[in-house]
Amino acid sequence: MAASHQVSKVVVVGGGIFGVSSAVHLARLGIETVLVNDGPLAKGASGRSLAWINSARRRSAEYHRLRMIGIDRYRSLSARCPDAAWLRFDGGLTWDADDASNEIADVFAHEKRLGYDAQHLSADAIRLVTPGVCASAVTPQGAIFNAGEGWVDLPSLIEILIAEFVERGGQVVTEAGSATVTVANGRATGVTTTSGISFAANAVLLATGADVPRMVAVAGQRIADGTPIALLVRTKPVDLPLRAVLNTPRVAIRPTPDGALALDSAWSEKEVVVNPDGTYRVKASTIQGLLDEASNVLDGHPKLELESYGVGPKPIPGDGEPVFGQLREIEGYYVAFSHSGATLGLIAGELLATEIATGTEHPLLASFRPSRFSLQPANSPRNGM
Ligand SMILES: Cc1cc2nc3c(=O)[nH]c(=O)nc-3n(C[C@H](O)[C@H](O)[C@H](O)COP(=O)(O)OP(=O)(O)OC[C@H]3O[C@@H](n4cnc5c(N)ncnc54)[C@H](O)[C@@H]3O)c2cc1C
């Protein structure tokens with residue numbers, strides 16, 4: 001396959017972390033690459049992500065392995081940029097509700113079996129390991145501290161990767177209108193946009209986040225979609241000692257580069273109202289509720305104020321696992337569609353770019369091919385998240 005494979009020009013559609021990471025890796029491999037985005041870069045999920053870098057809790061062995069290698073790529077980047085305010089490895093702290101759903105002991109045992117760096121801490125011991133947490137908010141079952149976890153500010157990372165992409169000769173087209181992949185005789189031939197621009201290419205990578213399933217359906221392909229609407233609230237900067245990412249029953253919290261906090265939760269995203277015209281309405285009570293929940297778990301219960309919020313789809317495949325690689329039925333048509341795109345952003349871009357450039361499938365992506373959806377009946381989940 002690699003011998004007859006000749007890719008000299010690639011169009012990447014989507015200016016989120018998967019598109020940008022893949023584009024820069026293609027440019028590093030010497031492939032002429034155009035990145036096309038409908039609006040400004042990072043305007044999708046990558047611009048409103050909690051972006052906790054982790055492989056905590058349970059998932060398939062293959063997905064865990066890919067995430068661990070994804071974390072490793074961030075560690076390499078962190079070693080090159082030790083002072084980066086946009087990439088920190090200060091650990092993650094997780095606790096569950098004090099009810100029958102509490103899995104902390106089982107999750108800890110599972111993580112230890114995998115060799116995932118984990119400490120099971122009582123509420124009182126937390127302050128010796130990571131600062132800024134209100135011990136009385138932690139449930140009696142205790143918390144897990146994962147020292148190897150971190151967070152990334154994706155818009156900052158995207159800006160840095162795009163600068164390298166352009167320096168290497170890559171072309172970025174933003175505000176291009178909605179793009180469509182053109183297909184002729186069973187292979188991708190390029191991209192056209194609603195603003196009337198066309199790009200010819202030997203291969204196209206569709207990295208349009210939550211739009212991927214709908215867009216491949218136009219080409220007669222099926223990728224199961226489990227995308228929910230998600231809400232990320234950003235506070236004003238606040239002087240706190242918190243360093244770790246917190247995952248608690250009512251709120252997840254991570255620090256931001258400017259000394260503020262980013263917050264999300266499962267309950268608050270369910271309160272988002274989707275209007276009949278497809279726009280979203282976020283209730284003031286939801287935002288205040290999230291700010292209050294965050295204050296409750298922080299030492300000293302600081303007053304948190306809203307700076308801004310982001311709302312929209314959080315791309316999640318129907319079976320919860322990533323979807324990476326070439327569509328089996330359309331040569332040269334590649335896709336990237338996954339949850340945990342912060343954790344996977346660097347490694348997915350690297351592996352996809354290598355596959356596109358060489359035509360050789362990488363074994364690390366073998367479990368995540370889009371063809372699994374055309375081979376499986378609808379609604380057949382393989383794994384938990
Ligand atoms: C609230 C929230 C919390 C999250 N928490 C975490 C976490 O803790 N850890 C983690 O690892 N991940 C997390 N994620 C997931 C992660 O942020 C996403 O997986 C990742 O950002 C997806 O990147 P993407 O490039 O696939 O999509 P996006 O960032 O959505 O980018 C897609 C781009 O394509 C463009 N586009 C769409 N359609 C078209 C078209 N037809 N033509 C041209 N351009 C188009 C869009 O404008 C957008 O710029 C979270 C996400 C959300 C929303």
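1. Two strands count as paired here if DSSP finds at least two bridges between them. The model is predicted.

2. On this criterion, β3, β8 and β4 form an open sheet of 3 strands, in the order β3-β8-β4, with antiparallel pairing. The edges are taken by β3 (52-53) and β4 (87-88); each has a single partner strand, so one side of each is left without a neighbour in the sheet. Strands of a sheet pair through backbone hydrogen bonds, either parallel or antiparallel.

3. The pairing of β3 with β8 (residues 150-152) rests on 2 bridges, and the two strands run antiparallel. Within this pair, I53 stands opposite G150 in β8.

4. As for the chain overall, 10 helices and 22 strands are assigned. The radius of gyration is 21 Å, which agrees with the value near 21 Å that a compact globule of 385 residues would have. Along the principal axes, the C-alpha atoms fill a box of roughly 65 × 45 × 45 Å.

5. Buried residues account for 47% of the 385 residues in the chain. Of the contacts between residues at least 6 apart in sequence, 73% join residues at least 24 apart.

6. The chain is divided into domain 1 (9-47 + 155-223 + 318-375) and domain 2 (92-147 + 228-313).

7. Contact between the domains involves 5 residues of domain 1 and 4 residues of domain 2. On the side of domain 1 that touches domain 2, the residues divide into 2 nonpolar, 3 polar and no charged.

8. Which residues are closest to the ligand? They are G16, G44, S49, G209 and G341, out of 37 residues that surround the ligand. The elements giving two or more residues to this shell are α1 (17-28), β14 (229-235) and α9 (341-358). By class, the shell has 14 nonpolar, 17 polar and 6 charged residues.

9. Where does the ligand lie relative to the domains? Both domain 1 and domain 2 give residues to the shell around the ligand, so the ligand lies between them. Anyone examining the ligand site therefore has to consider residues from both domains, since both give residues to the shell.

Key: Residues are numbered from 1 along each chain as its sequence is written. This is a predicted model: local features need pLDDT of at least 70, side-chain atom pairs count only at pLDDT 80 or more; totals for chains, interfaces and linings use all residues. Helices (H or I, at least four residues) and strands (E, at least two) are DSSP runs, numbered from the N terminus. The radius of gyration is taken over C-alpha atoms; the globule rule is 2.2 Å times the number of residues to the power 0.38. A residue is buried if 20 or more other C-beta atoms lie within 10 Å of its own, exposed if 12 or fewer, and partly exposed in between; C-beta atoms are placed from the backbone. Two residues are in contact if their C-beta atoms, placed from the backbone, lie within 7 Å. A residue is near a molecule or strand if its C-beta atom, placed from the backbone, lies within 6 Å of it. Ala, Val, Leu, Ile, Met, Phe, Trp, Tyr, Cys and Pro count as nonpolar, Asp, Glu, Lys and Arg as charged, and the others, Gly among them, as polar. Domain bounds come from an automatic or database domain assignment.
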